[in-house]
Amino acid sequence: MRGDPGRGPSDGAGDGQEPAPGAVPAVDTRLLVREEGLKGYVGEFRRKMRSGELGSLPVVLAVIIIWTVFGSLNSTFLSAQNLSDLSQQIVGTGMIAVGIVFVLLLGEIDLSVGSVSGLCAAIFAVLNVLNGMNEWLALLVAIAGGAAVGLIQGFFFAKVGVPAFVVTLAGNLAWNGLMLQVLGSSGTVNIPSESIVSRLYSTIYHSPAAAYGAAAVGVGLFLTASLLDAQRRRAARVPFRPVTEIVLRTVVIAAIAFATAYILNQYQGLPLALLIFLILLVLLDFVLRRTTYGRRVFAVGGNIEGARRAGISVPFVRMSVFSIAGTMAAIGGLFLAGQIQSASQTSGGGNLLMNVIAAAVIGGTSLFGGRGTVWSALLGALVIGSIQSGMNIMGVSNAVQFMITGSVLLAAVVVDSLSRRTQKAAGRA
């Protein structure tokens with residue numbers, strides 16, 4: 001008997017149909033894994049490890065090792081106060097790293113995000129503090145400035161054909177010079193503590209209900225989204241996660257979320273900066289994984305010629321990605337300005353560029369394009385922030401910190417390269 005019109009290959013199991021004589025039944029390995037239960041998942045995990053599909057495992061192990069080492073050397077590191085401070089301190093770097101993740105998914109690089117972050121912080125400070133513009137309007141102008149800068153650089157890359165490395169390297173110099181011009185002769189503009197930028201960073205919800213409530217909402221949204229996705233896939237007659245697997249994943253997420261809420265409540269409570277960061281990560285993760293635009297970004301990063309032949313507007317994707325990177329650099333720069341309550345000639349400088357690129361790569365986003373998630377920014381920023389926090393507590397000099405951070409970045413790239421080579425050998429790249 002023939003299958004229903006519009007259905008994919010079927011072996012007839014479970015629908016009363018027999019396979020056509022001589023036909024080879026189509027088998028989905030994901031279904032086999034789930035049918036075998038725990039044994040199937042263990043076997044699938046081993047297969048992924050052998051084929052180089054490491055996912056977030058290396059960075060999770062790195063966080064565990066870093067926290068164990070520094071915690072054993074100094075108990076202050078694992079105190080609720082230090083971990084709470086760490087959750088705020090990584091927000092600015094993490095925001096900028098999210099934009100870098102988008103660029104890396106194309107297999108490109110943006111060397112201007114540090115200067116862009118400083119420029120946008122300077123724009124806000126001059127407009128609001130020195131010229132009295134409404135703080136919300138100044139905030140929007142600063143963020144729009146970051147988006148415009150990214151769009152300009154994306155135009156030269158996507159339309160003119162100048163390599164992204166050259167465009168953003170030139171931008172790094174040009175936007176830094178424009179920042180100095182915007183700041184003027186004083187070179188520094190102090191941002192009042194009551195300013196919106198300062199409040200976005202420093203506000204903390206002291207009620208325990210805030211942190212636990214945010215954890216509950218996050219877990220609830222995850223469970224709802226997982227169940228709706230399974231229902232949609234079931235209706236489309238494609239492999240879907242069974243309810244037992246969804247529940248297990250939800251339990252793991254809940255354990256992490258409520259443990260984090262507990263630690264935060266042991267000190268002061270839920271930082272608004274961390275909450276905004278997590279909300280943006282959820283939204284951008286949805287854009288990348290659940291929208292047509294996100295699939296086009298991965299397609300362009302994975303195989304640009306194949307994407308072009310599939311009818312995808314490669315220039316549009318490239319320009320939009322660099323605009324997103326500029327926007328996130330602006331947002332991250334504003335949080336960094338709120339942290340130190342000023343915009344100065346050193347804003348966006350120092351080791352910021354190195355840290356945001358390192359955060360994206362260490363978090364698991366491939367330098368070769370086509371593989372990564374926005375959550376890489378959070379994990380990578382957590383690794384970088386943990387190393388810096390631990391070494392500051394131990395009194396380690398900046399010189400040694402730079403060397404260790406550089407070594408960790410090199411290790412992450414080596415793991416990425418070896419993983420990619422293993423996947424190619426296994427025919428999965």
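This is a predicted model: local features need pLDDT of at least 70, side-chain atom pairs count only at pLDDT 80 or more; totals for chains, interfaces and linings use all residues.

Which residues in α9 meet which residues in α10?

**Chain overall**
- The chain is built with 17 helices and four strands, and 41% of its 429 residues count as buried.
- Among contacts between residues at least 6 apart in sequence, 78% join residues at least 24 apart.

**Nonpolar cores**
- The largest nonpolar core has 89 residues, and those with the most contacts inside it are Val98, Phe124, Val297, Val321, Phe335 and Val356; helix α4 (residues 80-105) gives the most to this core, with 14 residues.
- Once neighbours within four places in sequence are left aside, Phe124 is in contact with residues including Glu135, Leu139, Ile191, Val197 and Leu334.
- A second, separate core of six residues includes Ala211, Ala261, Leu264 and Leu274.

**The α9 and α10 pair**
- Helix α9 (residues 208-235) packs with helix α10 (residues 243-267) at an angle of about 165 degrees, their axes being 9 Å apart, and the two are therefore roughly antiparallel to each other.
- The crossing in which α9 passes α10 is right-handed.
- From α9, the residues Pro208, Ala211, Tyr212, Ala215, Ala216, Val219, Phe222, Leu223, Ser226, Leu227 and Ala230 meet Ile246, Arg249, Thr250, Ile253, Ala254, Ala257, Phe258, Ala261, Tyr262 and Asn265 of α10.

Methods: Residues are numbered from 1 along each chain as its sequence is written. Side-chain values use heavy atoms; hydrogens and water are left out. Buried means under 20% relative accessible area, exposed over 50%, partly exposed in between (1.4 Å probe, protein chains only). Contact means heavy atoms within 4.5 Å. A nonpolar core is a set of buried Ala, Val, Leu, Ile, Met, Phe, Trp, Tyr and Cys residues joined through side-chain atoms within 4.5 Å. Axes are lines fitted to C-alpha atoms, for helices over the stretch in contact, and angles run from 0 to 180 degrees between N-to-C directions. Angles under 35 degrees count as roughly parallel, over 145 as roughly antiparallel, 65 to 115 as roughly perpendicular and the rest as oblique. A crossing is left-handed if the near helix is turned anticlockwise from the far one by less than a right angle, and right-handed if clockwise.
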